[in-house]
Amino acid sequence: MGPTKAIVSGTGIYDAMTGALIKDGLLTRQAMLDYAAHHYVVLPEVDHQGRLWEFNEQPVYCLHGVRYETLDNQELHLTRCNGCGGMGIRMEEVPVERDCVQCIQCGQVLDARLEMMES
C-alpha cells in the first residue's frame, strides 16, 4: 500500500481513483508539493513547463524517488530528461548493448545506466 495517488485541478488536490477532494485552496505548485510531501500523497509527474507525464492516457507517478507507475499500479521503466524534465522511455527498436532511453518531449537520448548512477 503506497501513498494516495492524486490529481490536480485548479487550486485543489483530488484523489485520482475516487475524485474526492483531498485539499483545496493551494494557490501555487510549490504549496501543492509541500502539502503532498507532508500528507502521504503523490502528485503526477510534470516536465519543466508543467505538462503532465502520461503513459497510455494515465498520469505517471514517481514513488520512492526512482520507481514510476501509472494509476493502475503498472510499473514503468522511465527516467526524467535532464534538459526539459520530460518523460524518458526505453528505446526498444535500437539494437545496442547499453540500455538507452529517449525523452518523448524533446527527443534527447539518455543512457539509463548513467542516469541511475547519478541519482
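User: Which residue in the turn has a positive phi where strand 6 and strand 7 form a hairpin, and how many residues lie between the strands?

Analyst: In this predicted model, the hairpin of strand 6 and strand 7 has three residues between the two strands, and His-64 in the turn takes a positive phi of about 60°.

User: How do you know that strand 6 and strand 7 pair?

Analyst: Two strands count as paired if DSSP finds at least two bridges between them; strand 6 and strand 7, which run antiparallel, are joined by four bridges, and so they meet that condition. Within this pairing, Val-60 stands opposite Thr-70 in strand 7.

User: What makes strand 5 and strand 6 a pair as well?

Analyst: Strand 5 (residues 54–55) and strand 6 are linked in the antiparallel sense over two bridges, and because at least two are required, the pair qualifies. Phe-55 has Gln-58 in strand 6 as its bridge partner, while the hairpin of these strands has two residues between them, with Asn-56 at a positive phi near 50°.

User: Why is strand 6 called mostly covered?

Analyst: A residue is buried when its relative accessible area is under 20%, and five of the six residues of strand 6 (residues 58–63) are buried, so the strand is described as mostly covered.

User: What makes strand 3 and strand 4 edge strands?

Analyst: Four strands form an open sheet of mixed pairing in the order 3-2-1-4, in which strand 3 (21–23) and strand 4 (41–42) are the edge strands, each pairing on one side only. Strand 3 pairs with strand 2 (residues 12–15) in the antiparallel sense over two bridges, and Tyr-14 stands opposite Leu-21 in strand 3. Helix 1 (residues 29–38) lies across strand 1, strand 2, strand 3 and strand 4, and runs at about 40° to strand 2.

User: How do you know that strand 10 pairs with strand 9 and with strand 11?

Analyst: Strand 9 (residues 78–80) and strand 10 (residues 87–90) are antiparallel over three bridges, and strand 10 and strand 11 (residues 100–103) are likewise antiparallel over three bridges; because at least two bridges are needed, the pairing with strand 9 holds, and so does the pairing with strand 11. Met-87 in strand 10 is the bridge partner of Arg-80, whereas Gly-88 stands opposite Cys-103 in strand 11.

User: What lines the second largest pocket?

Analyst: The second largest pocket, with a volume of about 230 Å³, is lined by 13 residues, of which Gly-2, Pro-3, Lys-5, Glu-69 and Asn-73 lie nearest its centre. The lining divides into five nonpolar, four polar and four charged residues.

Methods: Residues are numbered from 1 along each chain as its sequence is written. This is a predicted model: local features need pLDDT of at least 70, side-chain atom pairs count only at pLDDT 80 or more; totals for chains, interfaces and linings use all residues. Side-chain values use heavy atoms; hydrogens and water are left out. On a 1 Å grid over the protein atoms alone, a cavity is a set of points where a 1.4 Å probe fits but cannot get out, and a pocket is an open set with protein on both sides within 12 Å along at least five of seven lines; lining residues have an atom within 4 Å of a point. Grid points are joined across faces, edges and corners, and a volume is the space filled by probe spheres set on the points. Ala, Val, Leu, Ile, Met, Phe, Trp, Tyr, Cys and Pro count as nonpolar, Asp, Glu, Lys and Arg as charged, and the others, Gly among them, as polar. Contact means heavy atoms within 4.5 Å. Axes are lines fitted to C-alpha atoms, for helices over the stretch in contact, and angles run from 0 to 180 degrees between N-to-C directions. Buried means under 20% relative accessible area, exposed over 50%, partly exposed in between (1.4 Å probe, protein chains only).
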